[in-house]
Amino acid sequence: MEEDIKKNITPNLAEETGQNVKDDAKGLLDSIKKFLVELFDFRDDTDHEATIEAIKADIPFKGATAWILIFAVFVASIGLNANSTAVVIGAMLISPLMGPILGIGMSFALNDLETFKKSLINLGIMIGLSLFASFLFFYFFPLSEDNSELLGRVSPDIRDVLIAFFGGLALMVARTKKGTIASVIFGVAIATALMPPLCTAGYGLAKGNFSYFFGAMYLFTINTIFIALATFLVLKLLNFPMHKYANAAKRKRYSTIATIVGIAVMIPAIFTFITVFNENQVKTQVNNFIKNEVKTIKNFQLIDDSYSFKDKEINLNFFNEVTEGEENILNNQLVNNTNYTKIKDFKIKIKGSDTKSFSLITTAYKEKREELQESKNIIAGLQKQIAGLQETISSLNNRIEQDALNKNQNVIAFSRIAKDAKIRYIDIEEIGFASVLSSKDFIKIDTIPVATIKWNIKLPDSIISSKERELRNWLQKEMALDTLFIKREK
């Protein structure tokens, strides 16, 4: 009898214990679920009316807002020009560009066509004014040059898309919260960076560099679209009330228009994301290929590298020779390695494979050094010969002058006088001296000392006449002559 009672109690206990475990587990899961809902649910903390009013208040562009935008443009342009990150951040904080962009996203979410028109018009005016102001600054400012702050805004990648989207989500969550979190708004303004791309676009226009212009405008467009998209998603998630119209037909028509425009905006947004994502993957795999397959080979002396996404080419410039076999190895790695699936159809273009090897260049350098040294030795020998000839000429001149002195004590060393004359009058190109026989009555003959002077042809006649008078007096004194005629030679 006791055994039968034990058999009946044991199964009941097991069933009861199992049920208790299930109940405890369910209670734990419910507690975790409740905790997570309370942690992440922000719908109860949303102020619909205040959010809509705050966004609408930031849309108009006139008066103080216009001046704030102009000043922000100049601050950002100066920061980009000076390559100062701190100044650029300051311009982001004071820029009013975010208002119309949030208005566009809100108008789609609320089916508010009037708000969409106002936001679009104001955003267009802001963009035009920003481009014009930055164009003027960089056109007239003389110290404009490319730097890292400018170049960082001309080639957007996948990170810019993600920053704009998640920054927009953070901004809208902060905007919808009761008691807006100002620090979040400031942080999003810095992260999404709407003002610097517009200033960089103005720089591109001022310098005639349209690749900079289109690259910067592309980045600005990415930021604008994805911030507006984030605004749309948050407001839809929070079930913001749709805009009310007077009749159902008008509401339906506006709803259709908003849907069409929204889809039209979403298509390029999706396309932009996919394009930038693919370009980023290609860039990453190209860098990995160069790092892992090219730079790891010791005898490869890579000078520089680049790639073209459009032409599907990887350009490698080597200092050394690259054999056909080595080139085939690189191509095989590119095609067959699963780490490079995005660039397997790229072509590798080797630059410098026809240049001389390092050893050949070194040999040629040594040969040229030897030739240069030999030339220096020859020049030194010729200089010695010239110095010897100069000494011989000087000795002969002294002998001639000494003979002249022995024959006539009135004759002065002409070489000395010629040198002194050239020092005193640097415009003299040639000087001569002779005693000329002359007769006026064809009976009596006189000996007349004549100095022949050739002046620089660039010298005006008025200056030559003045210098000739000074030269005559000086020559007469040096040569101890009573009379001296100056003859000008053309």
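This is a predicted model: local features need pLDDT of at least 70, side-chain atom pairs count only at pLDDT 80 or more; totals for chains, interfaces and linings use all residues.
Residues are numbered from 1 along each chain as its sequence is written, and side-chain values use heavy atoms, with hydrogens and water left out. Local features need pLDDT of at least 70 and side-chain atom pairs count only at pLDDT 80 or more, while totals for chains, interfaces and linings use all residues.

Helices (H or I, at least four residues) and strands (E, at least two) are DSSP runs, numbered from the N terminus. Two strands pair if DSSP finds at least two bridges between them. Strands of a sheet pair through backbone hydrogen bonds, either parallel or antiparallel.

β4 pairs with β5 (residues 446–455) in the antiparallel sense over 10 bridges, and Ser-438 stands opposite Asp-446 in β5. Contact means heavy atoms within 4.5 Å.

Strand β1 (residues 302–308) runs antiparallel to β2, joined by six bridges. Ser-306 has Asn-315 in β2 as its bridge partner. The hairpin of β1 and β2 has four residues between the strands, and Lys-312 takes a positive phi near 55° there. On β2, Asn-315 also stands opposite Lys-349 in β3; β2 and β3 (residues 347–351) run parallel, with five bridges. From β2 the chain crosses through helix α13 (residues 324–336) to β3 in a right-handed β-α-β crossover. Right-handed here means that, with the strands pointing away from the viewer, the path from the first strand over the helix to the second runs clockwise.

Five of the six residues of β2 (residues 313–318) are buried, so the strand is largely enclosed by the rest of the structure. Buried means under 20% relative accessible area, exposed over 50%, partly exposed in between (1.4 Å probe, protein chains only).

**Aromatic pairs**

Rings of Phe, Tyr and Trp (its six-membered ring) pair if their centres lie within 6.5 Å; planes under 30 degrees apart count as stacked, over 60 as edge-to-face and the rest as tilted. The whole structure holds 10 aromatic pairs. Two edge-to-face pairs are tabulated.

| Pair | Centre to centre | Angle between planes |
|---|---|---|
| Phe-138 and Tyr-203 | 5.0 Å | 85° |
| Phe-213 and Phe-214 | 5.1 Å | 70° |

Phe-138 in helix α6 and Tyr-203 in helix α10 (residues 195–207) are 65 residues apart, and both are buried. Phe-213 is buried at 15% relative accessibility, whereas Phe-214 is exposed at 54%. Ring pairs also link Phe-74, Phe-137, Phe-138, Tyr-203 and Tyr-212 into a cluster.

Asn-122 lies in helix α6 (residues 113–140) and is buried, with a relative accessible area of 12%. Not counting residues up to four places away in sequence, Asn-122 touches Ile-59, Pro-60, Phe-61 and Pro-100.

Met-92, in helix α4 (residues 85–94), is buried at 7% relative accessible area. Its C-alpha atom is separated by 7.0 Å from that of Leu-194, 102 residues apart along the chain.
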